[in-house]
Amino acid sequence: MKDLVSILDGNTFLVSDRRGDIEPSLDFPTGLFSFDTRFLSTWLLTIDGERLHALSVDDSTSYRTRFFLAPGEPTHYLDAKVSVIRSRAIGGSFAEELTVLNHTREEMEFTVRVEMGADFADLFEVKQEIHKRGRTIATVGANELRLTYRREAFHRETVITTSTPGEVDVSGITYRIRVAPHGEWTTRLHVATVVYGARGEDFRASLPLGGGRSPSVIEAEQDELIARAPKLGCDCEPLAGAYRRSLNDLAALRYESITLGVRLMAAGLPWFMTLFGRDSIITSLQVLPFLPDLIPPTILLLAGIQGHRLDDFRDEEPGKILHELRYGETAGFEEQPHSPYYGSADSTPLFVILLDEYERWTGDSRLVRQLETQTRAALAWIDTYGDLLGTGYLWYQTRNPDTGLANQCWKDSWDSISYHDGRLPGFPRATCELQGYAYDAKIRGARLARTFWNDPAYAEQLEREAAELKARFNRDFWIPDREYYALALDADGRHVDALTSNIGHLLWSGIVDESRAGRLAEHLLGPRLFTGWGIRTLADDQGRYNPIGYHVGTVWPFDNSLIAWGLWRYGYREEAGRVCEAMLAASRFFDGRLPEAFAGYERTLTDYPVEYPTACSPQAWSAGTPLLLLRVMLGLEPQGEHLIIDPAVPDGMGRVELLDIPGRWGQVDALGRSRGPHDGTRGH
């Protein structure tokens with residue numbers, strides 16, 4: 001990812017190399033994408049038949065980039081006769097301005113060529129090398145190239161226009177230009193993406209924003225969102241930098257929902273530029289104290305397309321919250337089940353957790369009452385379809401063995417759930433953190449039932465079930481001789497006994513017996529899991545450990561943020577602070593933007609965190625990580641009409657203060673110190 005440059009506006013984004021070029025690729029999603037379709041797969045600039053080299057790239061904003069280029073090999077730069085500035089911006093469509101500068105005292109002639117092409121690949125085709133079945137046609141017009149793709153009713157177009165007359169052919173535009181001494185020549189190229197609906201028109205045109213915005217509008221919208229967030233003052237530059245970058249990325253990742261016509265946060269560039277159940281909920285939990293008004297659209301959309309039937313292809317069940325929603329060709333023709341797909345076992349209890357947490361911060365009882373039916377259905381799913389074996393635990397096994405996800409917990413890659421020796425268990429599986437989420441959902445559901453739904457009997461039932469689940473879990477999942485909870489139970493009830501970061505999620509959920517919390521903290525901050533840059537997904541002495549394996553040894557920032565929250569919840573302030581310090585120290589090496597994951601090497605081995613090659617960046621729950629870490633460090637917790645402040649600021653971080661925190665108590669300020677008593681003061 002380091003050699004690639006991206007710009008984005010919601011789920012419309014462009015990824016190129018550092019020259020600004022796009023070359024056809026089925027290995028990584030370079031190109032111009034919108035709503036899961038690649039509208040440009042080729043965009044190559046040459047001068048007199050020669051490729052250019054990057055002198056510098058200005059990618060300081062998420063929606064605009066400038067490339068400063070020169071032809072020839074890098075050794076010729078000192079004697080360059082010509083240079084090129086390539087300025088581009090995105091906002092529903094894509095625009096690029098090309099400027100050729102003549103640095104000599106004579107008039108110069110150049111042939112400028114832009115090769116253009118669109119394969120209209122679905123993101124799943126790029127990931128899984130699925131071959132297209134439709135047909136692409138190129139049509140040449142006056143200063144226009146139109147690329148059209150059709151497959152039955154699926155219809156997409158890329159329309160490229162130029163402000164300067166050129167020779168347009170089916171694969172690009174050629175300009176034969178003369179540039180005066182020390183002069184310049186400029187043309188503007190515009191690329192429109194057209195997503196046709198059933199009525200033969202771009203369905204985005206009916207959305208409130210019309211499917212496109214100018215860069216100035218994008219900038220104003222992002223500035224307005226950031227201005228609404230609390231103001232951070234601190235002595236720690238990594239924290240300040242990560243906070244600024246996170247707010248910018250969260251603003252950039254918002255896209256317009258087709259279903260509701262509201263702004264939602266996409267999960268991550270490039271693979272996950274859409275609504276996810278798990279990712280969207282966790283991101284919402286992370287940002288809730290800072291930007292609470294972003295949360296209701298996500299809650300409402302998840303509730304609106306909650307499962308209501310049995311559908312094996314989509315892993316849909318009544319009451320279940322979706323996993324992923326896609327708009328591309330493979331979903332449309334049911335080659336993939338993502339229209340929507342319900343293959344996650346954790347999004348449903350997490351939905352209940354988010355709704356309760358949202359009300360605790362905002363006091364928005366109207367939304368809780370509005371969604372009573374959907375919330376009850378989610379709670380019912382946990383004990384019915386979620387309990388596949390009738391043992392009182394939350395299990396998963398896909399109904400769709402052909403294209404469904406095998407692992408339906410957050411570690412959803414094929415090899416992520418293993419015994420300590422590396423063997424893989426059969427299905428169904430009951431991972432430990434799912435039980436924690438189910439416990440927390442029942443506790444929170446009981447509060448909602450008693451306080452807002454006027455149903456004390458249901459509240460008592462949920463509390464009783466939660467207590468029974470906690471006792472049963474602490475009996476069945478605990479491995480006495482190793483003093484940690486099993487990663488999962490297999491179908492025979494045996495321990496899947498790998499040591500993983502999942503035990504930190506248990507602390508966040510509250511399902512852990514107080515007497516065992518200290519031992520979990522020791523494991524999490526011990527040398528097998530803690531790298532110094534963060535907590536690994538899998539301990540380094542386990543059979544499948546790989547520091548650059550997706551879920552088997554890498555460090556995930558969002559995972560660490562929930563673990564820090566859990567450590568804080570059980571009173572382990574110093575340990576929570578160490579996790580916060582590690583994450584913020586790592587963020588410095590990513591220019592403040594924590595990626596989806598990075599390698600699990602020891603901090604003593606590397607002077608910087610090693611990049612994971614295909615990590616999403618920006619990714620929503622990684623962008624949300626610094627915000628949740630800040631909440632943990634300041635010890636912010638809503639309690640009725642008050643905000644509790646119980647700091648866990650790491651030693652050496654100095655002053656940390658947050659001004660104008662929004663919530664039901666009005667605007668309050670919070671102040672943390674790196675030293676001093678943690679006395680649980682109230683914010684006013």
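The protein has 17 helices and 29 strands, where helices (H or I, at least four residues) and strands (E, at least two) are DSSP runs numbered from the N terminus. This is a predicted model, in which local features need pLDDT of at least 70 and side-chain atom pairs count only at pLDDT 80 or more, while totals for chains, interfaces and linings use all residues. Residues are numbered from 1 along each chain as its sequence is written, and side-chain values use heavy atoms, with hydrogens and water left out.

**Overall form**

A compact globule of 684 residues would have a radius of gyration near 26 Å, and the protein agrees with this because its own value is 26 Å; the radius is taken over C-alpha atoms, and the globule rule is 2.2 Å times the number of residues to the power 0.38. The C-alpha trace spans about 85 × 55 × 50 Å along its principal axes. Of the 684 residues, 62% count as buried, that is, under 20% relative accessible area with a 1.4 Å probe and protein chains only. Among contacts with a separation of 6 or more, 64% join residues 24 or more positions apart, a contact meaning heavy atoms within 4.5 Å.

A pocket is an open set of points on a 1 Å grid over the protein atoms alone, where a 1.4 Å probe fits, with protein on both sides within 12 Å along at least five of seven lines; lining residues have an atom within 4 Å of a point. A volume is the space filled by probe spheres set on the points.

| Pocket | Volume | Lining by class |
|---|---|---|
| Largest | about 970 Å³ | 17 nonpolar, seven polar, 10 charged |

The largest pocket has a volume of about 970 Å³, and of the 34 residues that line it, D59, R245, F590, D591 and R593 are the closest to its centre. At least two lining residues come from each of β1 (4-9), α2 (215-228) and α3 (237-252), with β1 giving the largest share, four residues.

Terms used. Ala, Val, Leu, Ile, Met, Phe, Trp, Tyr, Cys and Pro count as nonpolar, Asp, Glu, Lys and Arg as charged, and the others, Gly among them, as polar. Buried means under 20% relative accessible area, exposed over 50%, partly exposed in between (1.4 Å probe, protein chains only).
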